[in-house]
Amino acid sequence: MSKRNLFALIFFVIMAVFLFISSLMMHPFGNPEKTNMDDEIIENAQIETGTNNGVTSVVFDYRGFDTLGEATILFTAVAGVIMIFRRMNK
Amino acid sequence: MNGMSRIVKTIASITFPLVMIYGLYIIAHGHLTPGGGFQGGAVVASGCAMILIAYGSVWTLGKIKEKNLSILESVGAICFITLAILGLGFGTVFFKNFLIGSEIIFGIIPSFGSTISNINTAGVIPLMNFAVGLKVIAGLFGIVLIMAYASTRRDKY
Amino acid sequence: MIFNFPFIAVIALIIIGLYAMVFRKNLIKMVIGITIIQSGVNLFLITLGYREGSVAPIFTSLPSGTEIPQGMAFPVPQALTLTSIVIGVAVLALMLSLIIHIYRHYGTLDVRKIGGEK
């Protein structure tokens, strides 16, 4: 076993143990503790945005900037793919 | 990739309109039922990818150019940002839902609780769904088309 | 402990993806590992926003007897997962394009033969 593989194995075991312990220390499944923000959104989504779909009201109204950044990332990815292959096809 | 057999082409041609109708339904009813611009756009783009696989990338690139797809995606992005800036103009803040409560279109506020779905609600959200749907259709299909075409050009590797 | 079973599933997905990223030498297999980690993170977000016995936060023809704030799952983690999925597709397309470029330039996908190690 080379030195690189040994370091990789140590890193992998430490990460695995850390993640497993942290998964055991999470809150019980189905009983989240802090629910204030989501309760507020569920109660006011129909009155403020007129939407019957709570997820859509979050995506396009309460967190619109998030969707704007996402659209920017999609645009950048398409531009990058087209740039790479246009240069390659010549 | 030069296209597949006649059976695959026939089945793809029959199935393609159904996939398109389903995806456009998901986009148009995004504010009432599960779905929205991203999900419906992904459905329509996968339908277009089915046509691409059945007929081959050279035939598909003869039908629609990648430059037109880029223009379509830019139109979707510009519509989305324009709707957001109109919220700044007619309302108070960026991304303000300025059509809600007005009498023009999509202006009805539903009553609280479980309601029957009315498509004439939700303000600018259906318009934003259409803009984002157009953007996702053009973007994903453009990526798939250009990657398929680039991997068929040189067969010597 | 049995109630934390979905979190353990998340950790299992992340560890499998981490193994593929660290110990494999093929670039395509490393990309598969990154995608598995991404699935684990999406599952973690969805799991975090679930309330026991709740329905999806959609008001159209709601089942009768649903309490309005307490009987619904959280909408914010679901919206963030939607964002995460689209970003994942974009990043995956960009990674595969760069891998095709690397393969045409070097003629191999082995990370030990690419780059500085001649």
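**Chains C and B**

I looked up the contact of chain C with chain B: 15 residues of chain C touch 17 residues of chain B. Contact here means heavy atoms within 4.5 Å. The model is predicted, so local features need pLDDT of at least 70 and side-chain atom pairs count only at pLDDT 80 or more, while totals for chains, interfaces and linings use all residues. Residues are numbered from 1 along each chain as its sequence is written, chains are lettered from A and ligands numbered from 1 in the order in which they are written, and side-chain values use heavy atoms, with hydrogens and water left out.

Next I checked the area. Chain C and chain B bury about 1300 Å² between them, and 70% of it is on carbon and sulfur atoms. Buried area is the accessible area (1.4 Å probe) that two parts lose on being put together, summed over both. Thr60(C), Leu82(C) and Arg104(C) supply 39% of the area that chain C buries against chain B, more than any other three residues.

I then searched for salt bridges between chain C and chain B and found zero. A salt bridge is a side-chain nitrogen of Lys or Arg within 4 Å of a carboxyl oxygen of Asp or Glu. By class, the side of chain C that touches chain B has 11 nonpolar, three polar and one charged residues. Ala, Val, Leu, Ile, Met, Phe, Trp, Tyr, Cys and Pro count as nonpolar, Asp, Glu, Lys and Arg as charged, and the others, Gly among them, as polar.

**Chains C and A**

I turned to chain A. Here 47 residues of chain C meet 45 residues of chain A. The area buried between chain C and chain A is about 4300 Å², and carbon and sulfur atoms give 76% of it. In chain C, Phe23(C), Phe59(C) and Val76(C) lose the most area to chain A, together 13% of what that side buries.

I found one salt bridge between chain C and chain A. The side chains of Asp39(A) and Arg51(C) meet in a salt bridge, at 3.1 Å from N to O. On the chain C side, H1 (5-23), H2 (27-48) and H3 (75-106) are helices that each supply at least two residues touching chain A. H3(C) gives the largest share, 18 residues. That side of chain C divides into 36 nonpolar, seven polar and four charged residues.

**Chain A by itself**

I counted four helices and zero strands in chain A. Helices (H or I, at least four residues) and strands (E, at least two) are DSSP runs, numbered from the N terminus. The radius of gyration of chain A is 23 Å, well over the 12 Å that the globule rule gives for 90 residues, so chain A is more spread out than a compact globule. This radius is taken over C-alpha atoms, and the globule rule is 2.2 Å times the number of residues to the power 0.38. The C-alpha trace of chain A spans about 65 × 55 × 15 Å along its principal axes.

**Two loop residues**

I looked up His27(A) in the loop between helix H1 (3-24) and helix H2 (36-49) of chain A. Is His27(A) buried or exposed? His27(A) is buried, with a relative accessible area of 17%. Buried means under 20% relative accessible area, exposed over 50%, partly exposed in between (1.4 Å probe, protein chains only). Leaving out residues up to four places away in sequence, His27(A) touches Pro32(A), Glu33(A), Asn4(C), Phe7(C) and Leu48(C).

Last, I checked Phe95(B), in the loop between helix H4 (66-90) and helix H5 (125-153) of chain B. Phe95(B) is buried, at 6% relative accessibility. Its phi is near 65 degrees, a positive value in a residue other than glycine.
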